[in-house]
Amino acid sequence: MCYNLPSNHRRLLKDLIGVGGCSRFRVFQNRIRIKDLFMESDTEPKNMMIEHDVSNSMQIDPTKARFPCCIVWTPLPVVSWLLPFVGHVGIGREDGVIVDFAGPNFVSVDNFTFGGVSRYIQITKEKSPITRHPSTTYRTEEEFKLVESGRNQYTWDESLKKTTQEYQKQIYSILTCNCHSFVANHLNRMESGPTSGWNVVNVAALVLLKGKWVNTQSMIRSYLSFMVMFFLGVTFGGANFLTFLAFVVFVLFGWYVCGTYYFKNFIQL
């Protein structure tokens with residue numbers, strides 16, 4: 001008994017079906033099935049290729065200074081010799097190019113200020129969803145309305161572009177408007193994490209506690225100068241040096257905590 005033919009193949013098989021037509025049809029049907037298998041096998045590598053490309057787009061390459069969707073950190077000259085947890089931060093675009101607030105009215109692109117990246121933390125889409133709820137961290141009325149209406153659809157690069165445009169008009173100050181302010185501004189636009197409200201304190205804490213070292217050399221480079229200075233200070237200064245260092249840490253920490261949480265308009269975001 002012959003199998004039922006698909007309607008679009010009936011006319012095509014009229015000449016094939018005769019005496020022994022069923023066997024001919026079985027051969028033809030097997031050919032169709034084999035062809036379908038080849039078609040399915042052709043599509044599978046394409047899907048795998050697409051997934052592979054997407055994953056590659058988020059690959060970090062320190063040799064080329066490419067850190068896609070990352071917060072990056074490097075030690076500061078002199079300052080980090082005494083305070084190794086203090087450094088300069090920037091943001092990696094989706095293509096990995098680093099953007100950082102480097103000076104008055106100047107945002108550096110693909111030329112990370114103060115040297116190569118030592119630490120980084122990648123902010124994936126899963127970790128930084130764009131929420132659809134109003135937030136007071138959006139400082140312009142236009143952006144607040146977009147979030148309130150659920151139409152805020154900034155991508156990572158779009159948000160970074162708006163932050164760059166804003167900070168190209170800002171005066172740099174290590175105490176009130178610095179590279180950490182730049183990063184916090186970008187993260188607030190993206191509504192990164194379960195809650196918004198990024199500032200210079202929690203950006204610094206994020207890198208300090210969860211940042212990954214690029215390699216062993218970068219860790220040594222970040223702490224070696226501090227260890228040498230600390231040894232020399234204790235050797236020649238003794239208790240006076242330790243008192244001075246504790247005082248500097250206390251004043252610096254108190255400045256940013258008070259300026260962030262008690263005088264909210266004091267430090268630029």
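Helices (H or I, at least four residues) and strands (E, at least two) are DSSP runs, numbered from the N terminus. This is a predicted model, in which local features need pLDDT of at least 70 and side-chain atom pairs count only at pLDDT 80 or more, while totals for chains, interfaces and linings use all residues. Residues are numbered from 1 along each chain as its sequence is written, and side-chain values use heavy atoms, with hydrogens and water left out.

**Annotated regions**
- The unreviewed UniProt entry places the feature "transmembrane region" at residues 220-238 and 244-263; such annotations may be inferred rather than shown by experiment.
- Residues 220-238 are 95% helix and 0% strand, with end C-alpha atoms 25 Å apart.
- Residues 244-263 are 90% helix and 0% strand, with end C-alpha atoms 26 Å apart.

**Helices α7 and α8**
- The axes (lines fitted to C-alpha atoms over the stretch in contact, with angles from 0 to 180 degrees between N-to-C directions) of α7 (residues 216-237) and α8 (residues 239-261) come within 6 Å and cross at roughly 130 degrees.
- α7 is therefore oblique to α8; angles under 35 degrees count as roughly parallel, over 145 as roughly antiparallel, 65 to 115 as roughly perpendicular and the rest as oblique.
- In contact (heavy atoms within 4.5 Å) are residues including Met 229 and Phe 230 of α7 and Phe 241 and Leu 242 of α8.

**Cysteines**
- The whole structure contains zero disulfides (pairs of cysteine sulfur atoms within 2.5 Å).
- Cys 69 is in no disulfide, and the nearest cysteine sulfur, that of Cys 70, is 7.2 Å away.
- Cys 69 counts as buried because its relative accessibility is 7%, whereas Cys 258 is partly exposed at 34%; buried means under 20% relative accessible area, exposed over 50% and partly exposed in between (1.4 Å probe, protein chains only).
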